[in-house]
Amino acid sequence: MAEVRIAPLIDEDCFEIGLNHLFPSADAARLAGEADWLCPDHLDPSMATVRLGMKSWLVRAGGRTILVDTCIGQHKERPRHPAWHRRASDRLLRELSHAGLAPTDIDLVLCTHLHADHVGWNTRLEDGRWVPTFPRARYAMSRREMEDWRARARHSAEPVNHGAFADSILPVVDAGLALFVTAGDALAEGVTVEALPGHTAEHFGLHVDRPQGAALFCGDAIHSPVQLLVPEWTSAFCGDPDLAIATRIAMLDRAAHEGLELYPAHFRGAGSLRIRRHGGAFRPA
Ligand SMILES: [Zn+2]
């Protein structure tokens with residue numbers, strides 16, 4: 001089995017969101033006495049606010065150089081989301097450069113799903129036009145999710161998906177760079193698309209075989225380590241909450257039993273984790 005190299009590329013850290021804004025059904029009392037290890041990195045000590053990051057994962061595996069998700073991006077019009085609106089930061093590209101790579105070195109981008117905070121760096125602004133940031137890459141995505149956004153855009157006078165469909169998804173489709181994939185597709189030797197539905201209809205994970213145990217890049221199937229304690233809390237942004245919960249519990253169970261290492265999009269810091277069962281829930285291993 002070939003060597004796999006993985007590095008986080010951080011676009012934003014940290015951003016805060018109210019516990020009950022992120023998880024509408026959350027009751028902080030359920031964390032009492034259990035949450036010390038989450039504070040202050042992932043949860044403020046009053047337990048009212050969750051602390052998250054935004055990262056892409058750089059994965060070198062099977063002879064390919066892959067980015068999993070592309071975060072918020074730069075210069076995008078996001079008037080309903082002030083922290084993302086006309087954002088100047090180029091941190092993600094600088095982190096890519098620190099990893100010794102240029103945008104032209106990326107040959108595959110996997111969009112776990114098409115939310116605005118996962119596709120932003122798909123494109124960059126050049127002479128007033130949105131062009132693919134990674135011009136040699138194919139952008140793997142769900143055809144169903146792309147077509148869903150296209151249909152919504154057709155029937156809406158307002159920009160859909162915070163404007164991300166028009167400025168971050170359509171330009172790579174129109175450039176012929178979209179690679180429509182489905183669960184089970186192999187993208188390289190030992191690199192497979194996996195179904196993790198619920199957050200969105202066809203949310204994908206990327207499963208990568210490694211000698212030291214497999215890695216699963218799991219996007220928004222889990223948003224915060226708070227959900228290890230209560231996997232039933234699901235985000236306000238999950239399209240099908242019941243399915244998102246079932247997918248998360250099944251994924252965490254597998255990770256605990258198979259030694260699968262999880263690489264989510266929104267955990268802070270190094271941001272990957274191995275976990276173990278703890279009563280009816282989970283803890284870091
Ligand atoms: Zn999302």
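Which residues does UniProt list for "domain: Metallo-beta-lactamase"? The unreviewed entry gives residues 53–266; positions follow the numbering used here, feature names are shortened, and annotations may be inferred rather than shown by experiment.

Hello everyone, a quick word on the model. This is a predicted model, where local features need pLDDT of at least 70, side-chain atom pairs count only at pLDDT 80 or more, and totals for chains, interfaces and linings use all residues. Residues are numbered from 1 along each chain as its sequence is written, and side-chain values use heavy atoms, with hydrogens and water left out.

Over residues 53–266, the chain is 27% helix and 25% strand, with the end C-alpha atoms 5 Å apart. Helices here are DSSP runs (H or I, at least four residues), as are strands (E, at least two), numbered from the N terminus.

Now have a look at H4 (residues 143–154) and H5 (residues 164–174). They pack at an angle of about 125°, their axes 11 Å apart; axes are lines fitted to C-alpha atoms over the stretch in contact, and angles run from 0 to 180 degrees between N-to-C directions. Met 146, Trp 149, Arg 150 and Ala 153 of H4 meet Phe 165, Ile 169, Leu 170 and Val 173 of H5, contact meaning heavy atoms within 4.5 Å.

Finally, salt bridges (a side-chain nitrogen of Lys or Arg within 4 Å of a carboxyl oxygen of Asp or Glu). The structure holds 18 of them. One joins Glu 95 to Arg 91, with the closest N and O atoms 3.1 Å apart. Both sit in helix H2 (residues 91–98), and because they are 4 residues apart there, about one helical turn separates them.
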